[in-house]
Amino acid sequence: MATSKLIATAATLTIAAAGTIAASTPSSGASANNEITVTASRATSDFSANNFKATAAAPRAGEPAGYCKQPNPMTTAVNRTMDCYHAPVQVDVKKNGRKVGTAKFTAWHEVHLDLKRVKWSEKITVSKATITGNAKGIITTFHPSCGSGCQVRAGGGLASPFTLNGSAHTGSADHTFTVSRGHPRSSHTRYEFDFKKPGYTSGEVAYVGSTYRCDDEDRQYGAGCVYPTRISVEKDWTKLSDMANMPGIGENIRRVQRAGLHIGRPGSTVPLTRATKAKADENRKEVCGPSVTPKPGDIWWTVDPNDDGTKPSCDEYPFAETTQGGNTYNPPNRSIKWVPLKENRQQGGILRTFFGRYHLLPGDKFYVQAGQ
């Protein structure tokens, strides 16, 4: 909780809202008997992040129709790109230090980032305002902003100043990001509302949304944006990964996921974390390096000398591409299995596709749905 006080002239606005708040500079000749008091707390998220099923909640007063509707069960695409939150705002009108009116409203935000583009339009609804006393006629202006490489402008019903009254005002915050390969960017949006009333010192309130990230790291899938802290699931939240049906690799994953730490199993406390290429190379040398060779009984399929895909290949789980790979854990929370080379190649393709499609960069967490 943060509080800031500024001396104001004979008539003032007091702003209290969810988020980081700022107040305008008072005019000269201000009286010590009048002030703008600002109280701040964070906006409240309404998204069921990292849950398999969205929890249906009863609509709240002023909530827009269809607000924050999520798929049930959740999908990786939605979990990576959707967010919604609301911020209550209270505007108190003071004159000579005495409150003479109040306007209360809630700003409702729904965001859908785009996996394939670096542009998105966020829907924002300013609810009907509850007006008491001398709080009529407050003119409100919406000013969104974001960080380096990002541009945002107000759209729709929020593009121009509006009056707080008994009508809701719906508009947008239209974003455009600029990224290049090797230079992913993270930012968040700052939402500022300015309030003016003739004969009164103006006030303002601002709060910030969740951090998002845009990148252009995968040549096949191109640039896109996600919420990087959301945990993804390969193939999806209720669908088995294609790796689960591979005779050798599927069983190797399940063997470790059944063990004590359940590494990488959906819902476990130890999700997998994508590693850097350097770390992945190090992991492979530690567990499946050149000195590691099959033991008697490790080859469980027919090796065809004329078929390169049947050559023995060392498969490890947790994957070398994760920070949990290599010698990070001891058996049974780590395992290798010899599989046909074509299985390992398929697995590599599945992971590369998953990382690219959902913009998982080093440090991002995920699960693998391999069955029981």
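**Entry 1: two helices**

I began with helix H2 (residues 247-257) and helix H4 (residues 341-357), whose axes come within 8 Å and cross at roughly 65 degrees. An axis here is a line fitted to C-alpha atoms, for helices over the stretch in contact, and the angle runs from 0 to 180 degrees between N-to-C directions. This is a predicted model, in which local features need pLDDT of at least 70, side-chain atom pairs count only at pLDDT 80 or more, and totals for chains, interfaces and linings use all residues. Residues are numbered from 1 along each chain as its sequence is written, and side-chain values use heavy atoms, with hydrogens and water left out.

I then listed who meets whom: Pro247, Gly248 and Ile249 of H2 are in contact with Glu343, Asn344 and Gln347 of H4, contact being heavy atoms within 4.5 Å. By class, I noted two nonpolar, three polar and one charged residues where H2 meets H4. The classes are these: Ala, Val, Leu, Ile, Met, Phe, Trp, Tyr, Cys and Pro are nonpolar, Asp, Glu, Lys and Arg are charged, and the others, Gly among them, are polar.

**Entry 2: the whole protein**

I looked up the secondary structure and found four helices and 22 strands. Both kinds are DSSP runs numbered from the N terminus, helices being H or I with at least four residues and strands E with at least two.

Of the 372 residues, 50% count as buried. Buried means under 20% relative accessible area, exposed over 50%, and partly exposed in between, with a 1.4 Å probe and protein chains only. The protein exposes about 17400 Å², and carbon and sulfur atoms supply 50% of that area. These areas come from the Shrake-Rupley method with a 1.4 Å probe; for residues, only the protein chains shown count as cover. Taking contacts between residues at least 6 apart in sequence, I noted that 71% join residues at least 24 apart.

**Entry 3: strand E12**

I asked how many of the nine residues of strand E12 (residues 169-177) are buried. Seven of them are, so E12 is largely enclosed by the rest of the structure. Strand E7 (residues 119-126) runs antiparallel to E12, with eight bridges between them. Strand E10 (residues 150-156) is also paired with E12 in the antiparallel sense, over seven bridges. Two strands pair if DSSP finds at least two bridges between them.

**Entry 4: a sheet of four strands**

I followed an open sheet with the order E11-E9-E14-E15 and antiparallel pairing. Its edge strands are E11 (162-163) and E15 (203-208), each of which pairs on one side only. Strand E9 (residues 139-145) pairs with E11 over two bridges. Thr140 lies in E9, and Phe162 of E11 stands opposite Thr140.

Is Thr140 buried or exposed? Thr140 counts as buried, because its relative accessibility is 1%. Beyond its neighbours within four places in sequence, Thr140 has contacts that include Phe162, Leu164, Phe193 and Phe195.

I moved on to Leu164, in the loop between E11 and E12. Its relative accessibility is 3%, so Leu164 is buried. Its contacts, again leaving out neighbours within four places, are Val91, Ala103, Phe105, Ala129, Ile131, Ile138, Thr140 and Phe195. I also checked Thr130: Leu164 and Thr130 are 34 residues apart in sequence and 8.6 Å apart, C-alpha to C-alpha.

**Entry 5: disulfides**

A disulfide is a covalent bond between the sulfur atoms of two cysteines. The cut-off used is a pair of cysteine sulfur atoms within 2.5 Å. I counted four disulfides by this rule. With the bonded cysteines numbered in sequence order, the pairing reads 1-2, 3-4, 5-6, 7-8.

The sulfur atoms of Cys68 and Cys84 are 1.8 Å apart.

Cys146 is joined to Cys150, S to S 2.1 Å. This link is left-handed, with -90 degrees about the S-S bond. Cys146 and Cys150 are both buried.

Cys288 is joined to Cys314, S to S 1.9 Å. Which parts does this pair tie together? Cys288 is in helix H3 (residues 277-288) and Cys314 in strand E20 (residues 312-317), so the tied parts are 26 residues apart in sequence. The link is left-handed, at -55 degrees about the S-S bond. I noted Cys288 and Cys314 as buried.
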